[in-house]
Amino acid sequence: MPKRDLILLALEDSTTSLLMQRALRAASYEVAIAQEASALEKIIQESVPALLLIGEKFSGQSGLRWAGEILERFPTMPVVLYAATDSLELCKQVLQAGLSGYLCPPLRNDDIVQTVEHSLAHARRMGDWLRREVKKTTASLEKRAELSEAERKRFEHIFSNIQDGVIILDDEGRIQFVNRVVASVFELNGNCRGKPIIEVINHPDIYTLVKRAKLVPLKYHEISFDDGRIFNAQYTPIEGVGAVITMQDISYLKQLDRMKSEVVHTISHDLRSPLTSVLGYTELVERVGALNDQQVEFINRIRSSVESITALVNDLLDMSRLEAGFDTRREVIYPENILKFALDTVEGQLQLKGLSLAVDIQPNLPSLRGNPIRLRQLFDNLIGNAIKYSPPGGVISVSLRAEGQQIIFKISDQGPGIPPTEQARIFEKFYRASNAPDSVTGSGLGLAIVKSIVDAYQGRIWVESAVGKGSTFFVVLPTG
Ligand code: ADP
C-alpha cells in the first residue's frame, strides 16, 4: 500500500487529538501532533504536511488566525478547523478565511476521514490545475524566447550580408555589432563587442563622426581611405539602443562626379578667353567709329549677355575648384570684419531698392581658420540673394553671433519665400525654386557654392521660409 499523506494535528485538547489520530491512522494516514506553537512551526517547516487540522484555540491564539497566517505562507495547504460547537457563524468564518472545511462534535471516524479526504482531493485538484497552468505559461514563454532568438539570428544574418556597413553602438559608444563590410574595411579581427568604437576603429573620420554626432545632429559624413575608397556614413541615434552607423561605398559616385567636374572645368576655362575677347571687341567697336542709337543698344545687349555668361562661367569654375578640394588655404580670419566689408559694398544696391538693413554683430567674436575669399563669397551670395529676392522697401536682418564652439550667421528677408518641398533642393546645382520671380535672374549656382564652402568648414546650412512672407538662412561654422 502506498504511503499516505502526513496530517498535522494542532490541537490542545489531548482527548480530541487522540480520537482524530486514531481515526486517521486507521485510514492509513500518517499523523504528526503539535501541542504548542514551536512544535507546529517545526513540523510545518521540516515535514511539509499535506493537511493541517487545527483547533479553534491553539497556543493562546484563535485557530482562524493561525490558519490565516499559515495560508499566507503556504497558500496551497488545505487547513481544516476543529470547533467545539457548530454554528452558522462558524461556517461563514471558515469560508471567509479560505479554509478547506471544519469539524465539530459529535466526532465520528467517518466524518473525520471524509473531511480530510475531501480537503486533500480539492487541494490536489488545485495543485494539478496550477501545475498545468505553469506548464502552459512556461511552454509559451519558451516558444516566445525561441522565436525571438530565431528573429535575432535572422536580423543578424541580414545585417551581416547587406552591402552597406552597419555598426550598432550602445549609449556609451561601445560596439554591440559590426557587420562583415565594416569588419573588412577597417580590418577588424576578433571579437570587438563591448569595446568603445574609438578604441577599436582607429580612423580619424570615424573619430570625428562619433565625437561630433554627440554635439550636433549629424546626418552625413564622409570616411576616406588611403586607397581612394570613400564611404558616406550616417549616424542615427536610436532611443533605448544607442546609435547605428551605416556606411555606403560612394567611391564610384565620387569618381563620376570628379570626371563631370573636370569636364565642366575644362569647358568653362576654355570659354573664358573667347568671352573676354567678345567683351573687348564690343568696347573697341565704339572706338573705331560713330554708331547710331540702335547699334549702341545692340552692343549694350551683347555686352550684358556676355557679362551674364561670364558670371555663370566664373561660378562654374568656382564650383569645380571647390568640389575638387583645391581650396586648401587655411588662415586665421575674423568673420565680423569680412561680413562688415561685404555689407559695406552693397550699400548702393540697398539704396537703389529702398531696402533697410538691421545688423546685429556680436563684438569680439572668435576667429575661424579658413580662406577669407571663400567666406566673403559665402556672405556675398547670401546677402546678394536677400537683396535680389526682397521686394522694394523691404527689411533685411543680418546677425552674426557665437554660441559654444560655433559661429552662427543668420540672414532674413521679406522676399517671396521658398515652398517647403523645395527648401532642401535649392542648395543643389542649377536648382531654382518654382516661385522664383521671372524678373530675378540667376544661374542657380550661388547656394550650391555657399553649401560647398560650408561643407569645407564642416559646418551646416539650412533655410527656414514661408511662401509670401520671407526666408531666413542659417549658417553654422565650427570655430574649434
Ligand atoms: P540664383 O542664382 O537662382 O539666385 P541660388 O543658388 O543663389 O541661385 O539660389 C537657388 C534658388 O533658391 C533661387 O533660384 C531661388 O529660387 C531660391 N532662393 C535663394 N535665396 C532666396 C531668397 N532669399 N528668397 C527666396 N528664394 C531664394
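Modeller: Taken over C-alpha atoms, the centres of domain 3 and domain 4 lie 25 Å apart, the bounds coming from an automatic or database domain assignment. This is a predicted model, in which local features need pLDDT of at least 70 and side-chain atom pairs count only at pLDDT 80 or more, while totals for chains, interfaces and linings use all residues. Residues are numbered from 1 along each chain as its sequence is written, and side-chain values use heavy atoms, with hydrogens and water left out.

Colleague: What makes residues of domain 3 and domain 4 part of the contact?

Modeller: Contact means heavy atoms within 4.5 Å, and 10 residues from domain 3 and 10 residues from domain 4 take part.

Colleague: How do you know what area domain 3 and domain 4 bury between them?

Modeller: Buried area is the accessible area (1.4 Å probe) that two parts lose on being put together, summed over both; for domain 3 and domain 4 this comes to about 850 Å², with 66% of it on carbon and sulfur atoms. Within domain 3, the residues that lose the most area to domain 4 are Asp315, Met319 and Leu322, which together make up 57% of what that side buries.
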